[in-house]
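Dear colleague,

I am handing over the structure below, and I would be grateful if you read the notes that follow with the coordinates open beside them.

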Amino acid sequence: MAVEFLVRMRGVKKSFAGVKALRGVDFSLRPGEIHALVGENGAGKSTLMKILSGAHAMDEGDIFVDGEPARIGTPRRAKELGVGIVYQEFELADDLSIAENIFIDRLGAHGIVRWRDLYERAQRVLRNLGFDIDVRRPVGGISVAYKQMVEIAKALSANARILVLDEPTAVLTPNETEKLFAAMRSLKEAGVGVIYISHRMDEVFSVCDSVTVMRDGEVTGGGRIADFDVDGLVELMIGRKLSTMYPPRTAAVGGEILRLERLDGDAFSDVSLTLRKGEILGVFGLVGSGRTEIARAVFGGDGLRGGKVFVNGAEARIRSPHQGKRRGIALIPENRKEQGLVLDMPIKTNITMTNIRKVSSRLGVVSAKRENGAVDELVRRLTVKTRDTRNPASTLSGGNQQKVVIAKWLNTDAEVMIMDEPTRGVDVGAKVEIYNLMNELTARGAGILMISSELNEIIGMCDRVLVVDKGGVRGELPRELMTEKDIMKLVVGGHGS
Amino acid sequence: MSDAALAGRSRLALVRESLPVAVLAILIVASSFLNRNFLTGQNIFNLLRQNSGTIIVSFGMLLVILTGGIDLSVGSVAAFSSVLFATLLDERQNDAMALPPAFGLTLLCSLGFGALVGYLVAYRKMASFVVTLASMTAARGGAYMISHAKTIPITNETVNAFNKSSLFRVPYSVILAGAVFLVVAFALSRTVYGRLVKAIGSNETAVRLSGIRTDFYVMSVYMVSAALCTLGGIIESRTGVGDARVCQGLELDAIAACVIGGASLSGGRGTAVNTLMGVLILGLIGNIMVLMRIPPYPQQVIKGVIIIVAVLLQGQNKAK
């Protein structure tokens, strides 16, 4: 018996500690449909999917699976109902084989593993997805694309009929992306409903049948993909015209401020680049391309194997973040919750951490008065929305947390700012504020190295872009020649050989 | 986050923070009903004096625990210090001038010991549990070697005078413990050092990427802990002997005190006041059980149960 909808969610509401994450969301998925779920980070897509997969409980609303009211309270129940989800962070055991990972909860009957049978089953699932790989290999040694396939296979082997893919292509090369799309299309033939979360508009239009757009916990539009165009979709996502997103670049580019000469590290080799005063230099690369490792190495976060770093023309031996900071380098790390902030500590403690001596006596006693003065000024300058800077940093929204991380470094006199995905998980309003701040900083002579995997952002903000892949610089484009196509072509070029 | 949610959160935090104080207050009231002799000044001072060594050592433990580590070697280092101090005094027992070098050398020894442990934990990234498990054995062994497994009498008059004297009826050892408490409490609330130690325990990566030499701070807490063990060990020698067998199981009391005081073993959370409360709660329970004539072995069982209950209570608070 065919049903019209695999899943219907109606009026779903969810709050976290008083913050409304979902304000009454309707969503439905048909069998054999690839349905795009798009929206800015923080729009509520992940929360909605976590409710569907049983990771979160909703406050209000109804869910119907196959037309029947369903109570999804636990991940286990969701699995029984046929919901499979592949998160951005894989949940795989690196030391176990591919086959064991796929069938981790059903290794064998009566507590005994029949290895040959297990391997055969695993091989079959992967082959149906169009991937052929030795399933006895440990997961730790395979590429990201394969890991993702293992995750998908794991979900499908549990008879998932509703498959959620959360930004699956963020970590994939164009070739691998095509393979994933082929697998998605064959799932669609088999009647599986796929919910596809992505930021890449070209992908949404090439692979999806329908779309739902979310913003600030609400659905702002949706329907058949053929009824939309890119600009219309983006405007629904951000609630404003795309042209007002990126402020014009006005800073004058001056002399060299940072130069890397043939840098070698664990995840990259032979990286050379020059950053000038007043310049925003973009570094575009996929996850795992080495972009983050390069940034951390320059700052002193990871060890260098070889090569030289010059700051203001003088060679700098930077072996620790402490030394990086003293050379006037700042790092806004990619993951603010794990690397940027001490979430349990007060906002003001986080802000003054980089330069706590400035607000302390010589004996190391913190002066509350001087600290408050410095903090209040930065909070005002960056318009951090908080009632009291004594509250823990965890109480702030994503955008305001990111502003605090930036404030930490404005409190130093850093001239080189390395920003690793500075606007990830930040709402549109805060994004624009961060872009404005970047312009302000460069206008004062700072140089910014911006790492990003968002092409729009690179094209909108950078004076130059370097494309990084497999731990090396694959090419460079000036502002005039930056287009989505040309940037991606440099990534593909790196893989063509 | 809404105002109401925030207010609720901080009120909850306040309750959690003041829980150990409340528990201690209840225990004091309860014990004064159990035994009329309890609330005498003499008994209170006895309680404080009996626990002054533990108090001092617990503050070192607190700093280590705040960074997310643990120091199992405190009892052994205290015993080692006690023996070394007594041995160094041995030659010139009646010379007041012999005190500073003997004390200084003992302190230097344990600082070196703490530096080695701290170096292995901070710079070589070894697990503190393993390193201090090893150093616990080694220090105790060293103490037996120095003392040839005998007690070493301390007949130095100045030392014995210190142990017997008091200021306005407050024993010197209690004053010393109080001073350590004040210094640690001030350090944690007002100084760069204390703030960074707590921050490291909360999120070491973020602190390191703020350009702070986290390894140096992590190493230092093991040195502070070892130094406080020296103080604690010498105070524990108040019976007038250096003894390799003293302070057995002190590490457990110190860890229990921190935990009862609400410190998180994963680091970042814990206060000086509540750690002090933790020591006193443990000590007071022991005291009550003695007054109630409970034999020693059941006492240990009850103590164990109380530690678990204390942690359970805090766990519930933590989970909102």
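Among the contacts in chain B that join residues at least 6 apart in sequence, 79% link residues at least 24 apart. This comes from a predicted model, in which chain B has 13 helices and four strands, and 48% of the 320 residues of chain B count as buried.

As to confidence, chain B has a mean pLDDT of 85, with 89% of its residues at 70 or more. Among the elements of chain B, helix H8 (residues 192–202) has the highest mean pLDDT, 95, while helix H1 (residues 3–34) has the lowest, 68. At the two ends, pLDDT stays under 50 over residues 1–8 of chain B, where the model has eleven contacts beyond four places in sequence, and again under 50 over residues 316–320 of chain B, where the model has three such contacts. Where pLDDT is low, the predicted coordinates should not be read in detail. For the complex, the predictor gives an ipTM of 0.85 and a pTM of 0.80.

Turning to chain A, the domain assignment divides it into domain 1 (7–241) and domain 2 (256–496), and the C-alpha centres of these two domains of chain A lie 31 Å apart. Between them, 13 residues of domain 1 of chain A are in contact with 15 residues of domain 2 of chain A; by class, the side of domain 1 that touches domain 2 has five nonpolar, six polar and two charged residues.

The interface between the chains brings 31 residues of chain A into contact with 23 residues of chain B. On the side of chain A that touches chain B, the elements that give two or more residues are helix H10 (321–326) and helix H11 (336–340) of chain A, and H10(A) gives the most, with four residues. By class, the residues of that side of chain A divide into 13 nonpolar, 13 polar and five charged.

The largest nonpolar core has 241 residues, and those with the most contacts inside it are Leu52(A), Tyr196(A), Val416(A), Met417(A), Ile418(A) and Leu449(A). The element that gives the most to this core is helix H10 (residues 214–236) of chain B, with 14 residues. Because domain 1 (7–241) and domain 2 (256–496) of chain A both give residues to this core, it lies between them. What is Val416(A) in contact with, leaving aside its neighbours within four places in sequence? The contacts of Val416(A) are Ile257(A), Leu258(A), Leu275(A), Val311(A), Gly328(A), Ile329(A), Ala330(A) and Gly447(A).

Finally, two backbone details in chain A deserve a look. Most residues other than glycine have a negative phi. Glu167(A), however, has a phi near 45°, a positive value, and is found in the loop between strand E7 (162–166) and helix H6 (174–189) of chain A. Thr383(A) likewise has a positive phi, near 45°, and its place is in the loop between helix H13 (368–381) and helix H14 (398–410) of chain A. Are these residues buried or exposed? Glu167(A) has 20 C-beta neighbours inside 10 Å and therefore counts as buried, whereas Thr383(A) has 12 C-beta neighbours inside 10 Å and therefore counts as exposed.

With best regards

Definitions and conventions:
Residues numbered from 1 in each chain as written. Chains lettered and ligands numbered in written order. Predicted model: local features only at pLDDT ≥ 70, side-chain atom pairs only at ≥ 80, totals over all residues. Domains from an automatic or database assignment. Contact = placed C-beta atoms within 7 Å. Nonpolar A, V, L, I, M, F, W, Y, C, P; charged D, E, K, R; others polar. Core = buried A, V, L, I, M, F, W, Y, C linked by C-beta atoms within 7 Å. pLDDT = per-residue confidence, 0-100.
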